[in-house]
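Notebook open, viewer open. I want to go through a few local features one by one and jot down what I find.

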Amino acid sequence: AYDPDKARSLLAEADWAAGGFAPQMHYIPGDPFNESLHNIVQQQLADIGINVELVQVDVTEYTNRIISGAVNGEPGDFDLLIGSGGVMGSDPNVTARYFDTASMTPFGANYSHFSNARVDELLIAGRGTTDVAERKTIYKEIATILNEEAVWVYMFRLYAIYGINNRVKNFTPPGHPGRLISSAHEWYVEE
């Protein structure tokens, strides 16, 4: 929940002062929802003393800053990033795409350049067993580490409502609104 007083309290407890920290947040203009989201985050951070500069860039520069700019083990050229989508599937090992040290950009999808030896070790262990209970324990520990280190701050989950004609069969709503047609090959229309 949005609680700027609690945020200021936690920052004070950590003896953190905004001081000269004025991060930039790059984004691609043109999508009203995306632009609104960036403005909201900018305002909410300003409410706790962190002044974020919003910088409009084109797709090429955005990609270069996040992915192509990450070379020789260095992270990309950005301070804050609002990302979305991704592939979060039913198998928790998909986490490796985003948090395994070996998956750092430009070779993988770990654009935050998060690196934690214990997480890497656990990801290997999780892939190495088919025991459901053991995997649950492993991936729960990974989730705990990722939450404690606040690698990503999850802001919201998009939900969608679908209206489908009764004649359409085998339609299953996707796990993410952006993947509406992912199972279209299974649909059929009953005459």
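This is a predicted model: local features need pLDDT of at least 70, side-chain atom pairs count only at pLDDT 80 or more; totals for chains, interfaces and linings use all residues.

**Entry 1, helix H5.** I started with H5, residues 117-127. Which of its residues are buried? I get Val119, Asp120, Leu122, Leu123 and Gly126. Looking down the axis of H5, I find these buried residues within an arc of 165°, so they line one face of the helix. Then I asked what covers the buried residues of H5. The cover includes helix H4 (96-99) and H6. I also checked the start of H5, where a side-chain oxygen of Asn116 comes to within 2.9 Å of the backbone nitrogen of Arg118.

His113 has a positive phi of about 55°, and it is not a glycine. I place His113 in the loop between H4 and H5. Is His113 buried or exposed? With 12% relative accessibility, His113 counts as buried, because the cut-off for that is under 20%. Ala150 sits in the loop between H6 and S3. Its relative accessible area is 43%, so I log Ala150 as partly exposed.

I looked up the surface next. Which residues make the nonpolar patch? Phe33, Val153, Met155 and Phe156 do, and the patch comes to about 430 Å². I followed up on Phe156, which lies in the loop between helix H6 (132-149) and strand S3 (168-169). Phe156 has a relative accessible area of 45%, so I put it down as partly exposed.

Last stop: Glu186, in the loop between S3 and strand S4 (188-189). At 40% relative accessibility, I count Glu186 as partly exposed. What does Glu186 touch, leaving out residues up to four places away in sequence? I find Lys169 and Asn170. For Lys169 I also took the spacing: Glu186 and Lys169 are 17 residues apart in sequence, and 8.4 Å apart in space from C-alpha to C-alpha.

Technical notes. Residues are numbered from 1 along each chain as its sequence is written. Side-chain values use heavy atoms; hydrogens and water are left out. Patches are made of residues with over 30% relative accessible area and no salt bridge: like charges are joined within 9 Å, nonpolar side chains (Val, Leu, Ile, Met, Phe, Trp, Tyr) within 5 Å. Accessible areas come from the Shrake-Rupley method with a 1.4 Å probe; for residues, only the protein chains shown count as cover. A salt bridge is a side-chain nitrogen of Lys or Arg within 4 Å of a carboxyl oxygen of Asp or Glu. Helices (H or I, at least four residues) and strands (E, at least two) are DSSP runs, numbered from the N terminus. Buried means under 20% relative accessible area, exposed over 50%, partly exposed in between (1.4 Å probe, protein chains only). The arc is that of the directions from the helix axis to the C-beta atoms. Contact means heavy atoms within 4.5 Å. A polar contact is a pair of N or O atoms within 3.5 Å; within protein, one must be able to donate a hydrogen and the other to accept it, and residues adjacent in sequence count only if both atoms are side-chain atoms.
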